[in-house]
Amino acid sequence: METPESNFTKTGLTLPPAPKPLGVYKPCLVDGKYLYLSGHGTVQPDGTLIIGRIGEDMDQEHGKLAARQVGLAMLATIKANLGSLNRVKKVIKVLGMVNCISTFEKHPYIINGASELFAQVWGEENGIGVRSAVGMGSLPDNIPVEIEAMFELHEGA
């Protein structure tokens, strides 16, 4: 039987370390059947960040890969705090913020990097939720992408 954990393994990707808060907030919060993840950045497996502004320091393809890396950091937080990706039933909402030049207009394409990863892990039906993708004048530490999300957990999970 396919599970989110086995689906992730099939991607061949590596999770980075779960990021530590850089301010006064919780990286995740469980409230009843919902899991809320604070904004996550581009943490790589070695703990460093992908840095740069889309349209200035990197192109949209590298931006999309950066968004996938944010998705991986989010998965790492879920595993570190809940023990397994299998506890998540579905993606409810994703807010993707893109650090880009003012004339850049492909924000949804960039955030697809994370959304496509979530669809691989939880399947098309449960891995795709509602979403916003917006441009920002800057993001913390000059990361190219920051994403926050809300998930529904399995009953009794």
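Which side chains meet in a salt bridge at 2.8 Å, N to O? They are the side chains of Glu5 and Lys79, where a salt bridge is a side-chain nitrogen of Lys or Arg within 4 Å of a carboxyl oxygen of Asp or Glu. The structure is a predicted model, in which local features need pLDDT of at least 70 and side-chain atom pairs count only at pLDDT 80 or more, while totals for chains, interfaces and linings use all residues. Residues are numbered from 1 along each chain as its sequence is written, and side-chain values use heavy atoms, with hydrogens and water left out.

**Salt bridges**

- Side chains of opposite charge can pair when their charged atoms come close.
- The count of salt bridges comes to seven.
- Glu5 lies in helix α1 (residues 4-11) and Lys79 in helix α2, so this pair ties together parts that are 74 residues apart in sequence; helices (H or I, at least four residues) and strands (E, at least two) are DSSP runs, numbered from the N terminus.
- Glu5 is buried, with a relative accessible area of 17%, whereas Lys79 is partly exposed, at 29%; buried means under 20% relative accessible area, exposed over 50%, and partly exposed in between, with a 1.4 Å probe and protein chains only.
- Another salt bridge joins the side chains of Lys33 and Glu152 (3.7 Å, N to O), and this pair links distant parts of the chain, with Lys33 in the loop between β1 (28-31) and β2 and Glu152 in strand β5, 119 residues apart.
- The side chains of Glu116 and Lys64 also meet in a salt bridge (3.2 Å, N to O); Glu116 lies in helix α3 and Lys64 in helix α2, so the pair ties together parts that are 52 residues apart in sequence.

**Nonpolar core**

- The largest nonpolar core has 34 residues, and those with the most contacts inside it are Leu35, Leu75, Ile78, Trp122, Ile147 and Phe151; such a core is a set of buried Ala, Val, Leu, Ile, Met, Phe, Trp, Tyr and Cys residues joined through side-chain atoms within 4.5 Å.
- At least two residues of this core come from each of β2, α2, β3 (88-99), α3 and β5 (145-153), and the largest share, eight residues, comes from α2.

**A buried glycine**

- Gly63 is found in helix α2 (residues 60-82) and is buried, with a relative accessible area of 0%.
- Leaving aside neighbours within four places in sequence, Gly63 is in contact with Ile54, Met58, Ile110 and Val145, where contact means heavy atoms within 4.5 Å.

**Largest pocket**

- The largest pocket is lined by 18 residues, of which Lys20, Leu22, Tyr25, Gly39 and Gly41 lie nearest its centre; on a 1 Å grid over the protein atoms alone, a pocket is an open set of points where a 1.4 Å probe fits, with protein on both sides within 12 Å along at least five of seven lines, and lining residues have an atom within 4 Å of a point.
- Strand β2 (residues 34-40) gives the most to this lining, with three residues.

**Positive phi in a loop**

- Most residues other than glycine have a negative phi, and most peptide bonds are trans.
- Asp141 has a positive phi, near 60°, and Asn142 has a positive phi of about 65°.
- Asp141 is placed in the loop between β4 (130-136) and β5, and Asn142 is placed in the loop between β4 and β5.
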